[in-house]
Amino acid sequence: MSFNQEFDQHGIWRKQFALRLKLLSEWLVDHDLMEPGVRERLDQLHAQVKNDKITVAFVAEFSRGKSELINAVFFAGYGRRIMPASAGRTTMCPTELGYDAEIPPCLRLLPIESRLQPQSLQDWRNAPDKWERVDLDVNDPKQLARMIQKVAEVRRVTQAEAAALGFWHDEAPDDNPLPGPDGMVEVPKWRHALVNMAHPLLKQGLVILDTPGLNAIGAEPELTVSLLPQAHAVVFILAADTGVTKSDLTIWRQHLSVLGEGRESRLVVLNKIDTMWDALSSPEQVQLQIASQRTDSAEILGVPARQVLAVSAQKGLLAKVHRDKQLLEASNLLELETALGEDLLGQRRKILSAVVAKGIQALRVETGRLVHTRARDLVEQIQELEGLRGKNAGVIKQMRLRIEQEQADFDASGAKIQAVRSVHLRLLKDLFAMLSASHLKAEVATLGKTLKQPGIKLGVRRAYNHTFDRLRSDLAKADRMAGEIQSMLEGSFKNLNAEYGFSLQAPVSPKLGQYARDLDLIEKSHLQYLSLGNALRLAQPEFAERLARALMSRLRVVYDTAVNEVELWNKSAAAQLDAQLRERRRNFSRRIEAVSRIQQAAGGLDERIRELQSQQAELNLLDTKLGELTDHLLAAPEEEQPVEALVA
């Protein structure tokens, strides 16, 4: 199955999951089961699936056919090239293609001069007025391609200006752009480009990241330490006729081999195999040459040979446009699409399904506990009323007084419950402080100062190691604090259960130690900039400033994710306690109401018992239906029955 087909299936699954979640929400509201804790779980599940993005990054040195490959895989349906892919220089700045329904189709371009400002790339994303915006007509392929051509624009600047922007280094002349007769050099006109268009794949959550060549990649730390490591798949493009060149190997070693195993799918593409289709060689000889290049490239890059694919993007695009099946097969483009679909989407579906399954189980437990509490209260009420059979009015009156006294005692016990909340919130305050943005900033401050020192930074690696050691230590401490809070909750809930007959159960505590792996990946992705080869680049204050901002931006994402997990844990515990308090107060009201009706009517006792027994039967049905609906949320689209049947 091709990438496009796999992605369509993924999109269908997401849409149907959203529909099933909506039906479950309506069912919970209809049956008075939509407590705040349940709502929180539902909102989280909805956001996880709705906002799920799959980022595929295409990385290559100049003139490897990267943009042509993007055209062939994703945009052949337009019948022409959309991304600029003419001979010579093409994409000059990192370009992201995605879809946001709240923004009209447009191309947004961030001027290269923004590199001279202190804001990070993420900060600039939050300042849309600083970007140049060009409207796109997605129904006009010519206009679309003409506008997107702007990502290839360059500016001519002095060597001093190029150095300030990060594109000229006197100490590394081989990496510098060639000066013209007037001494001026070409640099990208734009720092970053965002394309928003309603392409079917982009609408379903695909994000395509098209990166420029080595010189531009190295000059933008936020690209290499943030965008690339967070991509779900990286496609590294080589030229089939040359194999792995020196500059290819530099990109691989400095920017891709450090991404870490397991999290990203990495595919290597030997492009332009049509240059090896030699009329003087037999088809078998050509295939042997291609196979040899695949093997050699895999050995040099240190990847399994199956991850190196040989294709012709240009012939694949041509074949799709002209519907030439024979040429499409010869281009091997479908083999790449299948690898992207199976490896990328298969892996992504597994990860998302595991996260969703965990959330659904928590939702099931939380809602099931509420149903159980109501069922237990009904049993107690029935037993209480059964005990009144044959009793006189005085006994019934005494029972009412006893229930009212129990209610008064329960209301008076609020101080104990409030004490549990106070201790919990006090401990949480310390935990949130440990994970706060201000604490993170303080921990990274020493490294920031070292990076900003003028000249060669001899102590930067030591400061770097110390910073990450402290951050890992902080996470370990935060994890221990979470464990202590969990123990306090379990003890407090146990006491409240024993004293008030609650069925409180402390939610599973967040495992904050797992974020140490994210820190390891961030640390690894930065190490390239601390080598002797980058010492001269690091000596430039503008570059060091950008590196420090990129580091802080990436670390904030990790800490924010950890804080969100702690907040959900806290809300789950608080919502559970609030729900059982409300149910207990409702139970007192129902018991008093039942006794009042019995006092007023001779036949009221039997009638009330029958009502409660009927409610018991309804609760049993609710519990069964809840299981069906939550199981249905996990069903594969192709295996499921119509959603309407389940809520009937």
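Analyst: Glycine 501, whose phi is positive and near 70°, follows helix H18. Helices (H or I, at least four residues) and strands (E, at least two) are DSSP runs, numbered from the N terminus. The model is a predicted one, in which local features need pLDDT of at least 70 and side-chain atom pairs count only at pLDDT 80 or more, while totals for chains, interfaces and linings use all residues. Residues are numbered from 1 along each chain as its sequence is written, and side-chain values use heavy atoms, with hydrogens and water left out.

H18 itself covers residues 460–500, 41 residues in total. From its first C-alpha to its last it reaches 59 Å, close to the 60 Å expected at 1.5 Å a residue; the expected span is 1.5 Å times one less than the number of residues. Arginine 480 is part of this helix. This arginine counts as exposed, because its relative accessibility is 53%; exposed means over 50% relative accessible area, buried under 20%, and partly exposed in between (1.4 Å probe, protein chains only). Between the C-alpha atoms of arginine 480 and tryptophan 190, which are 290 residues apart along the chain, the separation is 46 Å.

Glutamate 384, in helix H14 (residues 333–386), counts as buried because its relative accessibility is 13%. Apart from neighbours within four places in sequence, glutamate 384 is in contact (heavy atoms within 4.5 Å) with Met399, Arg402, Ile403 and Arg591.

The nonpolar interior comes next. A nonpolar core is a set of buried Ala, Val, Leu, Ile, Met, Phe, Trp, Tyr and Cys residues joined through side-chain atoms within 4.5 Å. The largest core has 90 residues, and Leu28, Leu431, Leu435, Leu512 and Leu555 touch the most other members. Helix H21 (residues 541–600) contributes the most to this core, namely 22 residues. Leucine 28, leaving aside neighbours within four places in sequence, is in contact with Leu33, Met34, Val38, Leu42, Thr367 and Leu626. There is also a second, separate core of 52 residues, which includes Val134, Trp190, Ile237 and Leu345.

Nine of them form an open sheet with mixed pairing, in the order E4-E3-E7-E2-E8-E1-E9-E10-E11. Two strands pair if DSSP finds at least two bridges between them. Strand E4 (132–135) and strand E11 (308–310) are the edges, each pairing on one side only. Strand E2 (residues 95–98) pairs with strand E8 (residues 206–210) in the antiparallel sense over three bridges, and leucine 97 has isoleucine 208 in E8 as its bridge partner. Helix H11 (residues 283–301) packs on the sheet and touches strand E9 (233–239), strand E10 (265–271) and E11; the direction of H11 makes about 150° with that of E11. For such angles, axes are lines fitted to C-alpha atoms, for helices over the stretch in contact, and angles run from 0 to 180 degrees between N-to-C directions.

Finally, the setting as a whole. The protein chain has 23 helices and 11 strands, and 51% of its 648 residues count as buried. Its C-alpha atoms fill a box of roughly 110 × 60 × 45 Å, taken along the principal axes.
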